Amino acid sequence: MPSGPKILPELLHRIFGHRDFRAHQREVCEAAASGRDVLLVMPTGAGKSLCYQLPALARRASGHNATALVISPLIALMDDQAAKLSALGLRVARIHSGLDRETARAACRDYLTGELDFLFIAPERLRVPGFPEMLARRKPALIAVDEAHCISQWGHDFRPDYRTLGQHLAALKPSPIIALTATATPAVQRDIVRQLALEDAAIFITGFRRSNLAVEVLELSKPQRPEFTEKLLSDAAARPAIVYAPSRKSAEDLATRLNAKFRSAAYHAGLDPATRERVQRDFLAGKLDVIVATIAFGMGVDKPDIRTVVHVALPGSVEAFYQEIGRAGRDGNASRSILLYSFADRKTQEFLLERNYPPASDLQQVLRALNDEFVSPEYLQRKLNLDQETLERSLEKLVTHGAAISGFNGNVRIADEPSHNQSGWQDGYDAQVIARRRQIDAMMAFAEGASCRMAALVEHFGDRSDPLRSCGQCDICQPSAATGSAMRQPTETERDDLRAILSAVAARSTSTGKLFTELAISKDRKHFDALLDGLARAGLLTLANDTFRAPDGRDVTYRKVSITHEGRTPDDETLSTVWLRDTLTSTGKNRSTKKKTAKTAEAPELTPAAKDLEEKLRAWRASEAKDAGKPAFTIFHDSTLRAIAKAAPRSVPELERIPGIGPQKLDRYGSKILAVCREEPSSQPDLHSPMRSRELRAEQTRAIAADKIDRQPSTRVDPTPVRKATPSAQPPRPTELNPIQSALDERLRDWRKQQAHAIGLPSFFIFSDSVLSEIVLNPPASLSDLRSIRGLSSEKIEQFGPAVLELCSAMG
């Protein structure tokens, strides 16, 4: 009989109808089928379920004539998976609280006789007296622990019944265990391995990058979010959609509002089971366009065509956020996630944290009331006079941290080792509160971050197989394509404001509120925050949360702004990377309207040759961005690439005339762009090397000089004597700068840098590159010679002229 791993491809095709594995599935299935313990961390929709189902069947077919045991935390989740397996002709049974006793007994009999392919159970079943012993009478072919992050107290969805799984599963060895989850950070991954006692586990953490999912984050006040969501989803292309709301009431209110425009309904734990089932069934069947839900909705929902996931409040953790947005675009088509948040959301999450984690003194009070006899929570509530919510949460935490034991009927007693648990449980509890607070910090940091959204998510989960490249489609990588807001470049007045902000924070970090008051460049705080947001997205400054101790002893949280290295030289080239966000408001247009308007106003279509060149330029830009680890738009914006493609420049002067090509970009990327336009080999010398920089500057200097001579008028109104030059009088154009010119060029650039540093301004405020180039080619001998150079004002000649003349004369 063939071994488990060898028959995997045949079973994949015969039972599941697939001819090929998805990425990473084969390695996982082979490890589990061969009998190894496995930890699989793979995102929602990537095919995790197959990774336990296929090896379970392979082991059963290769001689392990036993049932695969699947432990699942939600009834809806196990019902969905059981139904799909049954539809494939497999024998499946379930045991959970929603089924009658006779059904459970029949499932146990079929398990013991080996007639089942899969048995699904809820984790609390392992606390039923005699049930673990029944399972041990016939060892499973394989044990699958689904949603394994629920095991860890460091996870976002911790469940006490999951915490004790390792104690019960030891009796089922040597059956291999495969733990599966979509949302486990490295700390949670280590905890899962430890709690389940996985031996020599094959660990797979992979596939977190979703290439078809664009992630956007938009800072928006709470009152604006319902209207924004309505406008966003009014575009039929944005539906079907899931909207995650922070509370039952907000879910119902928003669902009612949306239902006036398109078919919508609310889903939350406060609805009766029949209503929840009907809403979920209608959404899956396409009878509802939008479902507005709390976090109670989602696990086990396998609707492939969800186009949009909207969060109208900040989630409690990055793990929860990633799991929820993973329900979009499972069909592989383009989809979008939009997170709406504000600083006030942090306060809400901190309130929820304090509610869900009572003070340790409350837990100590409950613990003192317990003894070695089981008592009911009702008895404790009467005895202690605590409200029901506080008592329930205190008991849950005491059980979690080993100070108390819960029976199957919900009664509790003190743990078997009171001397240890009554004193040691608080360290674990305090650590859990700290970990939970850090999850809020991480979620807030993600929302306020200025790096690629997808790369940040991949890095958060420790997917080492990913190169952490920019995704090219989130609101950071491609701001002009953001759905949630219109992105634009700043006006000249706003550019001055941006410079003022960077100048103000160059010497010290400060709070955003203080900066707003001190600068007084805008009366509108929202507009000021938009300027800060644009600078942060461009990487010119950072925004972070900080705290200070108030006189009354309270820790007050505020937003602090600090400058980055790149922000210290805010020239025009640098500021061209800043995009400002115009949020969709009540008077704004939705995305579909904006697209139509843009199309009617855009420039004429490119010729086929220009379109081909634009694609080549985009490929080159993507490669440059990947190598630099930066978003593509920081290299060149789409509008600049389009202008280059239209002009198809063949020389430096032609390239320099294109809007968006400044001296720095010309110096850094000029030769590579020209190589693309000329269809030359792409293996260009490193432009950052001093030799190549000098070569490019030489070419640029020669071309600028020649271009200026060609365009110079034959007469001048300025009565100041000038050195006249005509094309006929032009000396032979040098092929490269001679040693004296090169030395002068370097000295002038060093001098300019020192002058700029002394007054705290960018270098171009002293002299532009074109001015320096003309000085190098035609060294002036007098102030009159300097006045002939275009771009030099009388003030600059008066301020800097003597120094320039001294440098030129020193070179002889």
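## A proline in a loop

P174 sits in the loop that runs between α8 (165-169) and β6 (177-181). This is a predicted model, and in it the peptide bond leading from K173 to P174 is cis, with omega near 10°.

There is another cis bond to look at, this one joining R239 and P240, where omega is about 5°. P240 is placed in the loop between α10 (225-233) and β9 (241-244).

## The protein as a whole

Stepping back for a moment, the protein contains 33 helices and 20 strands. It has 812 residues, of which 51% count as buried. The exposed surface comes to about 37600 Å², and carbon and sulfur atoms supply 51% of that area.

## Where two helices cross

Helix α21 (residues 512-519) packs against helix α22 (residues 525-537) at an angle of about 115°, and their axes are 11 Å apart. The range from 65 to 115 degrees counts as roughly perpendicular, so α21 and α22 are described as roughly perpendicular to each other. Their crossing is right-handed.

On the α21 side, the contact is made by T512, G513, L515, F516 and L519, while α22 contributes R525, F528 and L532. By residue type, this contact divides into 5 nonpolar, 2 polar and 1 charged.

## A buried glutamate

Is E448 buried or exposed? With a relative accessible area of 11%, E448 is buried, because buried means under 20%. This residue belongs to helix α18 (residues 418-448).

Leaving aside residues up to four places away in sequence, E448 touches Y341, F343, L543, N545 and R559.

N385 lies in the loop between α16 (377-384) and α17 (388-400). Its relative accessibility is 69%, so N385 counts as exposed.

A648 also has a positive phi, near 45°, and is likewise a residue other than glycine. The loop that holds A648 lies between α26 (638-647) and α27 (652-656). At a relative accessible area of 33%, A648 is partly exposed.

Key
Residues numbered from 1 in each chain as written. Predicted model: local features only at pLDDT ≥ 70, side-chain atom pairs only at ≥ 80, totals over all residues. Heavy atoms only, no water. Axes fitted to C-alpha atoms, helices over the stretch in contact; angles between N-to-C directions. Helix = DSSP H or I, 4+ residues; strand = E, 2+ residues; numbered from the N terminus. Parallel < 35°, antiparallel > 145°, perpendicular 65-115°, else oblique. Left-handed = near helix turned anticlockwise from the far one by under 90°. Contact = heavy atoms within 4.5 Å. Nonpolar A, V, L, I, M, F, W, Y, C, P; charged D, E, K, R; others polar. Buried < 20%, exposed > 50% of the residue type's maximum accessible area, 1.4 Å probe, protein only. Areas by Shrake-Rupley, 256 points an atom, 1.4 Å probe, with all protein chains shown as cover.
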